[in-house]
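Here is a quick tour of one model, written to be read with the viewer open. Have a look at the fold before going on.

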Amino acid sequence: MAASRTIQVVALSICAALALTAAASAQGSKKISYEEAFKRCKAFMDKEKGSLGAGTTADANKSSRGAACMKKFGHRL
């Protein structure tokens, strides 16, 4: 009897810990709107504008960085 009671207590403790972790991670991964993500990524890209250089390679690089930024917020281009 004591062993089954211990197993129940351990199982409930593990379930409670997992439930709290899942609730915290669900709260932190709230998806922002496409417009808000675009605004944040545009500000980020404008801040880095000087480091990209000029030309076709810089344009491709800018597109790739912008797409990666949007993906970080859960959106696709």
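First, some housekeeping. This is a predicted model, where local features need pLDDT of at least 70 and side-chain atom pairs count only at pLDDT 80 or more, while totals for chains, interfaces and linings use all residues. Residues are numbered from 1 along each chain as its sequence is written, and side-chain values use heavy atoms, with hydrogens and water left out.

**The disulfide**

(Helices here are DSSP runs of H or I with at least four residues, numbered from the N terminus.) The torsion about the S-S bond of Cys-41 and Cys-69 is about -90 degrees, so the disulfide is left-handed. Both Cys-41 and Cys-69 are buried; buried means under 20% relative accessible area, exposed means over 50%, and partly exposed is in between, using a 1.4 Å probe and protein chains only.

Side chains of opposite charge can pair when their charged atoms come close. The cut-off used is a side-chain nitrogen of Lys or Arg within 4 Å of a carboxyl oxygen of Asp or Glu, and by that rule there are three salt bridges. Here they are:

| Pair | N to O distance |
|---|---|
| Glu-36 and Lys-39 | 3.6 Å |
| Arg-40 and Glu-36 | 3.2 Å |
| Asp-46 and Lys-42 | 3.3 Å |

Glu-36 and Lys-39 both lie in helix α2, three residues apart, or about one turn. Arg-40 and Glu-36 are four residues apart in helix α2, so about one helical turn separates them. The spacing of Asp-46 and Lys-42 is four residues in helix α2, again about one helical turn. Glu-36, Lys-39 and Arg-40 are linked in a network of salt bridges.

How do these side chains sit relative to the surface? Lys-39 counts as exposed, at 54% relative accessibility. Glu-36 is partly exposed, because its relative accessible area is 28%, and Arg-40 is partly exposed at 42%. In the other pair, Asp-46 is partly exposed at 37%, as is Lys-42 at 43%.

**His-75**

Is His-75 buried or exposed? At 12% relative accessibility, His-75 counts as buried. His-75 is found in the segment after α3. Setting aside neighbours within four places in sequence, His-75 is in contact (heavy atoms within 4.5 Å) with Lys-31, Ile-32, Ser-33, Tyr-34, Ala-37 and Met-70.

**The largest pocket**

A pocket here is an open set of points on a 1 Å grid over the protein atoms alone where a 1.4 Å probe fits, with protein on both sides within 12 Å along at least five of seven lines; lining residues have an atom within 4 Å of a point. The largest pocket has a volume of about 190 Å³, taken as the space filled by probe spheres set on the points. Its lining includes Cys-41, Lys-42, Asp-46 and Met-70. Both α2 (34–47) and α3 (56–72) supply at least two lining residues each. By type, the lining divides into six nonpolar, two polar and three charged residues.

Conventions: Nonpolar A, V, L, I, M, F, W, Y, C, P; charged D, E, K, R; others polar. Disulfide = S-S within 2.5 Å.
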